[in-house]
Amino acid sequence: MKREQYTILNEKESMAEELILRIKRMFSEIENTQTSASAYDTAWVAMVPSLDSSQQPQFPQCLSWIIDNQLLDGSWGIPYLIIKDRLCHTLACVIALRKWNAGNQNVETGLRFLRENIEGIVHEDEYTPIGFQIIFPAMLEEARGLGLELPYDLTPIKLMLTHREKIMKGKAIDHMHEYDSSLIYTVEGIHKIVDWNKVLKHQNKDGSLFNSPSATACALMHTRKSNCLEYLSSMLQKLGNGVPSVYPINLYARISMIDRLQRLGLARHFRNEIIHALDDIYRYWMQKETSREGKSLTPDIVSTSIAFMLLRLHGYDVPADVFCCYDLHSIEQSGEAVTAMLSLYRASQIMFPGETILEEIKTVSRKYLDKRKENGRIYDHNIVMKDLRGEVEYALSVPWYASLERIENRRYIDQYGVNDTWIAKTSYKIPCISNDLFLALAKQDYNICQAIQQKELRELERWFADNKFSHLNFARQKLIYCYFSAAATLFSPELSAARVVWAKNGVITTVVDDFFDVGGSSEEIHSFVEAVRVWDEAATDGLSENVQILFSALYNTVNEIVQQAFVFQGRDISIHLREIWYRLVNSMMTEAQWARAHCIPSMHEYMENAEPSIALEPIVLSSLYFVGPKLSEEIICHPEYYNLMHLLNICGRLLNDIQGCKREAHQGKLNSVTLYMEENSGTAMEDAIVYLRKTIDESRQLLLKEVLKPSIVPRECKQLHWNMMRILQLFYLKNDGFTSPTEMLGYVNAVIVDPIL
C-alpha cells in the first residue's frame, strides 16, 4: 500500500474512533432516550386543567413549548410529511392555546394554515395517522365549541364528521363489555362517550395508557387519577417542556439500536454495550414469560420479532412460542403490516427443528409479502422508510441463511434512512435509531475493511502466481471467489490471517477437485495421494508437472499455515492438517475410481464418502486456529466438533449435487439425486430434489441449533461452520454459482472492489 493510501486510511480510522465514542455515549444515555417532541401530544398535555384550579393549566410549560415551536407557515409538526399529520398537530396546538387564552397571534396563524389546507383531510395518502378518522373530527368539534373560526360547513369536513358518526355506531361502544387496545390508544377521539372505568383497566404500571402521553393526558382530564399525573409529571421533569409521542421508549430503542448496528456491520465495536443491553432485554423477556401478562416482550410485533432474533442469535434461550399470542390475520390489517410481516419473516428463519409456529409464520408472512410485491404495494401507512421496497425484495430473493453478512451490511448501508419517521397518532422520529452517526461510521468502517482486504487480495494474487496455478489448464481459476467468501463473512481487520488461510485452502481444494475429476490420470491420482500420505516433496520426483505443481502448492501452504498457527495457538497442528488433507484426497480418489469403473455405490456409501470429498473440512478447520480462541486437542477431537462438520458436509454435498445433477447425469458422474432415484424406483428427478432439499433444511436447522447452544467448542469456531453454510446456500441458491464466471461478480465487487461513497 502506498504512503498516501496509508495516510488516508489512518485519517479514516481516526474519524471512525471518534464516531464510535459518540455512539457509545448514546448507549450510556439510552435510559433517557426519547422520540422527537410531538406538538400533538404536547398540546394534549397542555390542555389538562390544574388539579387545584380548573382555570389554570396543570402544565403551563407545554404552552410555552407550543408557542416557541410553531413553524413559519403557521403549522406545527414535521414540515415535509403528509398534510393529514400537519393538520393533526396544528389543530391540537390551536385548541390548547385558545383553551387557556394564550398565544393569540400563534392561534391566528395556525388557523390560517388550517383554513388553507383543511381540504387535505380527504387526500388519499399512503401514510395516514392512526385513528385519524376518529380523532380529527373530535378535535374539530372541540374547536367549534371554543369558537375557533374554521370552515365547518366545507363539504370535506361535513363528510368526515358524518363518516365518524357511522364508525361510532358500528363500534357500539356503549354495549362493549371490554374495550380493545386499539380503541383505548385513540381515546382522545371518543373521550366524551367512553366508560373510563373500562379504559383504566388498560393502564400500565407507570400510569400511562399504552405509553401514550396524549391518551394519558386525556385520562387525567376525566379521571384525575394520581398515577396519570405522576406519569406525565415524571416525563416532563426528565425530558423538558416538549412531550414525545411515545414514552418511555428505551426498551424499543435498545432493541432497534442493536439491530441497526448489527445490520450496518458495526456490532463488533460495541460488544460490551450490546451484551449488557441484551442481558437487560432478556431479563425483561423472562419476567414477561413468568408473569400473568403473557409471553410477548412487547405488544409491538416488530420489536418482539427483532428481539427474538437478537437474543436467539446471541445464544439466549428464547422459545418460539412467544409468537403464539399474535393474530397473523389482524397483523395483515394493520397500518404497519409490511414492516411487521418482514420482521416476522426474518425471525421465522432463525428456526430450530420442530418449531411449527415458525414454519407457519414463515409461510404466511412470505405469502403476504409476495402478494404485496406482485401488486406493487410495498409500503406501510404508519412508517416512512427510505427503502422498504428494497428490503422486502432482497429478503424474498435471498433467504437469511443464504445472505452473507458483508453483503447484508452493504445493502443496508444503502437502504438506511436517517430520516425514517414513524406515524402513530402523529409522526415522530427516534434519533438514537435513525441518525447520521450510524451511517457515517458504517461507511467509514466498510471502506477501512475493504482497503485492508484489497491489500490481502493483492498478496494472494502473488501467492497464486508463485504456485503456478494458472499452469493447470484443467483447473477452475477461483481465487477471487475463494477470497470473497472469507471477506464477506470474516471481515474484521483482526481476522486477516483467518481470511488468507480460508482463501488459500479454498483455492487448493478447488484445483485438487478438478484434478481428480478431469485433470489427472489414474496413475497421477494414485501418485498424488501417496505423496500426501508420506508428506514428502521427494515423492513427486519424476512425476508429471501437474502433480508436482499441486503437491508443491499444498505442501508449502500447509507447512506455512502450521508455522503461523504455532504463533496463534502455541502448539504444533501439523498432524491434524495432514490428516484432514489425506482424508480428503482419499475420498476424492474413491469417487474417481467409482466413476471410471462405472460402479454405482449405495446412497449410504456415497454420502459416507461424500462428506470429506465435498472439501469443506480443510477450509473450515484450518481457519479455526486463527479466529481467536486457543484450541486444545480435546476440543478438536470432541464429538460435538465432528457433528458440526457432519451437518455442514451433508448440506454442502446435497446443495452441490442438486445444482449439478442434470449436467453430471449427462456426464455419467455420480450424484445423490440420481442415486436416490436409483434406490427409489419410479421417483422423478423433481421429487428426488424435493426430498433432498428437505434433508438440507433439517440439517441446516440442526446446525444452527448446535452453533447457538453453549458448548465446549468456542462460539467463534462454531460460527465458521455457519459462515460456510451461508456461503454454500448463496453459491448454490439458483445454480452452480461457484462454477459460473459471472453469477457472483456483483456480490464480489460490492464487498471487495467498490467503495461506499
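The model is predicted.

Start with the whole protein. DSSP assigns 33 helices and three strands. Along the principal axes, the C-alpha atoms fill a box of roughly 105 × 65 × 45 Å. Of the 757 residues, 57% are buried. Sequence separation is the next point. Take the contacts between residues at least 6 apart in sequence: 72% of them join residues at least 24 apart.

Now the surface. The protein exposes about 32,200 Å². Carbon and sulfur atoms supply 50% of that area. The protein carries 78 positive and 96 negative charges.

Next, helix α17. This helix spans residues 356-374, which is 19 residues. From first C-alpha to last, α17 reaches 27 Å, close to the 27 Å expected at 1.5 Å a residue.

Which residues of α17 are buried? They are Ile357, Leu358, Ile361, Ser365, Tyr368, Leu369 and Arg372. Why do they lie on the same side of α17? Because they cover an arc of only 105° around the axis. The face turned away from this buried side carries exposed residues: Thr356, Thr363, Lys367, Lys371 and Glu374.

What do the buried residues of α17 pack against? Their partners are α14 (301-313), α15 (328-332), α16 (337-348) and α18 (388-397). After α17 comes glycine 376. The phi of this glycine is positive, near 65°.

Definitions and conventions
Residues are numbered from 1 along each chain as its sequence is written. This is a predicted model: local features need pLDDT of at least 70, side-chain atom pairs count only at pLDDT 80 or more; totals for chains, interfaces and linings use all residues. Side-chain values use heavy atoms; hydrogens and water are left out. Helices (H or I, at least four residues) and strands (E, at least two) are DSSP runs, numbered from the N terminus. Buried means under 20% relative accessible area, exposed over 50%, partly exposed in between (1.4 Å probe, protein chains only). Contact means heavy atoms within 4.5 Å. Accessible areas come from the Shrake-Rupley method with a 1.4 Å probe; for residues, only the protein chains shown count as cover. Lys and Arg count as positive and Asp and Glu as negative; His and the chain ends are not counted. The place of a charge is taken as NZ of Lys, CZ of Arg, CG of Asp or CD of Glu. The expected span of a helix is 1.5 Å times one less than its number of residues. The arc is that of the directions from the helix axis to the C-beta atoms.
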